[in-house]
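User: I have a structure to go through before a group meeting. Could you take my questions on it one by one?

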Amino acid sequence: MVFGQVVIGPPGSGKTTYCNGMSQFLQLIGRKVAVINMDPANDMLPYECAVNIEELIKLSDVMMEHSLGPNGGLVYCMDYLEKNIDWLQSKLKPLLKDHYLLFDFPGQVELFFLHSNAKRLIEKLVKKLNLRLTAVHLIDSHLCSDPGKYISALLLSLSTMLHLELPHVNVLSKIDLIESYGKLAFNLDFYTDVQDLSYLQHHLDQDPRSAKYRKLTKELCDVIEDYSLVNFTTLDIQDKESVGNLVKLIDKSNGYIFASIEPSAVEFSKIATGPVDWDYYRVAAVQEKYMKDDKDDDN
């Protein structure tokens with residue numbers, strides 16, 4: 001099994017910076033990492049990518065040749081990549097033996113909750129290459145300072161979760177900068193745990209532009225709360241502890257922590273249902289224990 005992350009989020013949420021910082025962190029803890037650039041418009045990469053979609057197709061060429069805008073061009077590029085998935089598979093196969101994969105996708109949000117080509121592309125890779133992927137959805141934390149934008153971010157996160165059908169981790173990125181956008185109306189836990197959204201109504205009603213959409217906003221909040229799927233973890237990509245906590249959460253969601261152990265059903269269930277702040281090196285100890293037991297049985 002090959003593990004990895006599908007990194008998505010709106011423009012400016014920090015996807016490329018995330019992939020750069022996450023790849024460095026994973027290498028520090030001993031993993032071989034391959035970053036795959038899936039954005040045909042991203043030609044200013046701060047990291048060394050193992051696979052670059054621009055070798056196959058470029059957004060600028062598509063826009064010029066087909067007279068498309070950037071949004072239509074990106075949809076065309078994803079459709080073209082899906083039809084030429086053999087090219088991508090051939091590039092990925094040498095990495096499957098011992099690499100952890102980071103897929104850096106473009107920031108056009110319609111690709112992940114409206115159009116199906118990116119979803120089909122990911123599904124084909126998962127099936128054909130036996131990948132275990134977690135979608136890491138980045139949302140700029142400054143949206144918490146505006147109730148209307150925060151509700152929009154919640155709706156986007158929910159729609160993306162339902163559309164992609166992958167293990168999913170929603171992340172409030174740039175959390176170290178959140179205070180620079182002004183004081184939050186509530187504690188940070190309110191935004192990460194997505195608590196009672198009715199409390200936001202009062203703040204929205206104070207804005208005359210939002211007040212006339214009061215009924216619509218209430219209905220959208222009810223949809224989010226009825227599904228009760230969305231919550232967030234926070235991230236400061238420059239803080240090793242913050243990145244480490246996120247890695248633990250992602251590893252738990254895609255099963256990486258279980259990849260190299262063969263524990264009893266009881267031990268497996270203890271790890272699976274345990275809290276997120278489990279001892280990250282406990283798995284190695286469990287593995288060593290069972291390997292020792294197997295040797296004793298053979299003797």
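User: Which residue is the bridge partner of L172 in β7?
Analyst: The partner is T234. Please note that this is a predicted model.

User: How many bridges join β6 to β7?
Analyst: There are two, and the strands, β6 with residues 168-173 and β7, run parallel.

User: And the sheet as a whole, what is the strand order?
Analyst: The sheet is open and has seven strands, in the order β3-β2-β4-β1-β5-β6-β7, with parallel pairing. β3 (51-52) and β7 are the edge strands; each has a single partner, so one side of each has no neighbour in the sheet.

User: Which strands does α1 lie across?
Analyst: Helix α1, residues 15-28, lies across β1 (2-8), β2 (33-37), β4 (100-104) and β5 (131-140). Its direction is at about 170° to β4.

User: What does α7 touch?
Analyst: Helix α7, formed by residues 147-164, packs on the sheet and touches β1, β5 and β6. Its direction makes about 170° with that of β5.

User: What is N170 in contact with, beyond its sequence neighbours?
Analyst: Leaving aside residues within four places in sequence, N170 contacts H137, S157, M161, V230, N231, F232 and T233. As for N231, it is 61 residues from N170 along the chain, and the two C-alpha atoms are separated by 6.6 Å.

User: Changing topic: where is T217, and what is in contact with it?
Analyst: T217 belongs to helix α11. Outside the four places on either side in sequence, its contacts are I151, Q201 and L204. T217 is buried, at a relative accessible area of 13%.

User: Now the surface. Which residues form the nonpolar patch?
Analyst: The patch consists of L162, V223, Y227 and L229, which together have about 330 Å² of accessible area.

User: Where does L229 sit?
Analyst: L229 is in the loop between α11 (214-227) and β7 (233-234).

User: Why does L229 count as partly exposed?
Analyst: Its relative accessibility is 40%, and partly exposed covers the range between the buried limit of 20% and the exposed limit of 50%.

Methods:
Residues numbered from 1 in each chain as written. Predicted model: local features only at pLDDT ≥ 70, side-chain atom pairs only at ≥ 80, totals over all residues. Heavy atoms only, no water. Patch = residues over 30% accessible without salt bridge, like charges linked within 9 Å, V, L, I, M, F, W, Y side chains within 5 Å. Areas by Shrake-Rupley, 256 points an atom, 1.4 Å probe, with all protein chains shown as cover. Salt bridge = Lys/Arg side-chain N within 4 Å of Asp/Glu carboxyl O. Helix = DSSP H or I, 4+ residues; strand = E, 2+ residues; numbered from the N terminus. Buried < 20%, exposed > 50% of the residue type's maximum accessible area, 1.4 Å probe, protein only. Pairing = 2+ DSSP bridges. Contact = heavy atoms within 4.5 Å. Axes fitted to C-alpha atoms, helices over the stretch in contact; angles between N-to-C directions.
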